[in-house]
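Good morning, and thank you for coming. Please look at the structure on the screen while I go through its main features in turn.

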Amino acid sequence: MTELFAYTDGACSGNPGPGGWGVLMRAIDDGKIVKERELMGGEADTTNNRMELLAAINALEVLERPSTITIITDSAYVKNGVTSWIHGWKRNGWKTSAKKPVKNAELWRRLDQAQTRHDVTFEWVKGHAGHEENEHADELARAGMKPFKP
């Protein structure tokens with residue numbers, strides 16, 4: 001059976017500042033890569049957290065049919081947000097436990113919507129620790145940022 005993985009990362013120069021997101025998508029069958037795809041993009045004035053979210057969102061939105069996918073991120077913000085915090089935010093009308101508006105709520109809503117048609121597992125890896133696919137996603141994020149850097 002083919003397994004689908006998306007290695008995602010975001011980058012920002014300044015925070016806020018120019019930023020980029022990158023995704024390395026891999027389909028693996030019997031331990032072998034059978035298909036690979038790279039995605040990237042960026043914005044002129046953004047934050048690292050927004051770029052991390054956009055990487056995960058784009059990984060899901062690019063899928064043409066409902067899929068089982070593992071998203072591997074080095075962002076605890078994304079992993080904890082989507083697997084834990086989002087449930088309370090939705091219950092509280094997109095407010096935090098401190099009754100303040102959730103930062104990046106429009107992206108959290110978009111991520112929540114994007115995952116509804118898929119069976120998604122989120123995994124966290126330590127960033128910049130030699131994880132080959134995570135390093136590749138970081139390179140894509142930096143390439144996505146490049147057109148927006150002065």
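This is a predicted model: local features need pLDDT of at least 70, side-chain atom pairs count only at pLDDT 80 or more; totals for chains, interfaces and linings use all residues.

Strand β1, which covers residues 2–12, and strand β2, which covers residues 17–29, pair with each other in the antiparallel sense over 11 bridges. Thr 2 stands opposite Asp 29 in β2, and Phe 5 stands opposite Arg 26 in β2.

Let us now follow the chain through the hairpin of these two strands. There are 4 residues between β1 and β2, and in this hairpin Gly 14 takes a positive phi near 120°. Phi of Asn 15 is near 60°, a positive value in a residue other than glycine. Is Asn 15 buried, partly exposed or exposed? Its relative accessible area is 43%. Buried means under 20% and exposed means over 50%, so Asn 15 is classed as partly exposed. Pro 16 also has its place in the loop between β1 and β2, and the peptide bond from Asn 15 to Pro 16 is cis, with omega near 10°.

β2 and β3 pair in the antiparallel sense over 12 bridges, and here Leu 24 stands opposite Glu 38 in β3. The hairpin of β2 and β3 has 2 residues between the strands, and Asp 30 takes a positive phi near 55° in this hairpin.

Glu 139 has its place in helix α4. The relative accessible area of Glu 139 is 51%, so this residue counts as exposed. Glu 139 and Met 40 are 99 residues apart in sequence, and their C-alpha atoms are 9.6 Å apart in space.

Let us return to β2. Why can this strand be called largely enclosed by the rest of the structure? The reason is that 12 of the 13 residues of β2 are buried. Let us take Ile 28, which is found in strand β2. Ile 28 has a relative accessibility of 18%, and therefore counts as buried. If we leave aside neighbours within four places in sequence, Ile 28 is in contact with Met 1, Thr 2, Glu 3, Phe 5, Ile 33 and Val 34. Ile 28 and Leu 4 are 24 residues apart in sequence and 6.4 Å apart in space, taken from C-alpha to C-alpha.

Leu 4 brings us to the largest pocket. The volume of this pocket is about 550 Å³. Its lining has 22 residues, and those nearest the centre of the pocket are Leu 4, Ala 27, Leu 63, Arg 65 and Ser 67. Which strands supply at least two residues each to the lining? These are β1, β2, β3, β4, which covers residues 68–73, and β5. By residue type, the lining divides into 9 nonpolar, 5 polar and 8 charged residues.

Finally, I turn to two residues elsewhere in the chain. Asp 112 is found in helix α3, residues 105–115. The relative accessibility of Asp 112 is 16%, so this charged residue counts as buried. Neighbours within four places in sequence aside, Asp 112 is in contact with Ile 86 and Lys 90. The second residue is Lys 99, in the loop between α2, residues 76–91, and α3. Phi of Lys 99 is near 70°, a positive value in a residue other than glycine. With a relative accessible area of 61%, Lys 99 is exposed.

Thank you for your attention.

How values were computed: Residues are numbered from 1 along each chain as its sequence is written. Side-chain values use heavy atoms; hydrogens and water are left out. Two strands pair if DSSP finds at least two bridges between them. On a 1 Å grid over the protein atoms alone, a cavity is a set of points where a 1.4 Å probe fits but cannot get out, and a pocket is an open set with protein on both sides within 12 Å along at least five of seven lines; lining residues have an atom within 4 Å of a point. Grid points are joined across faces, edges and corners, and a volume is the space filled by probe spheres set on the points. Buried means under 20% relative accessible area, exposed over 50%, partly exposed in between (1.4 Å probe, protein chains only). Contact means heavy atoms within 4.5 Å.
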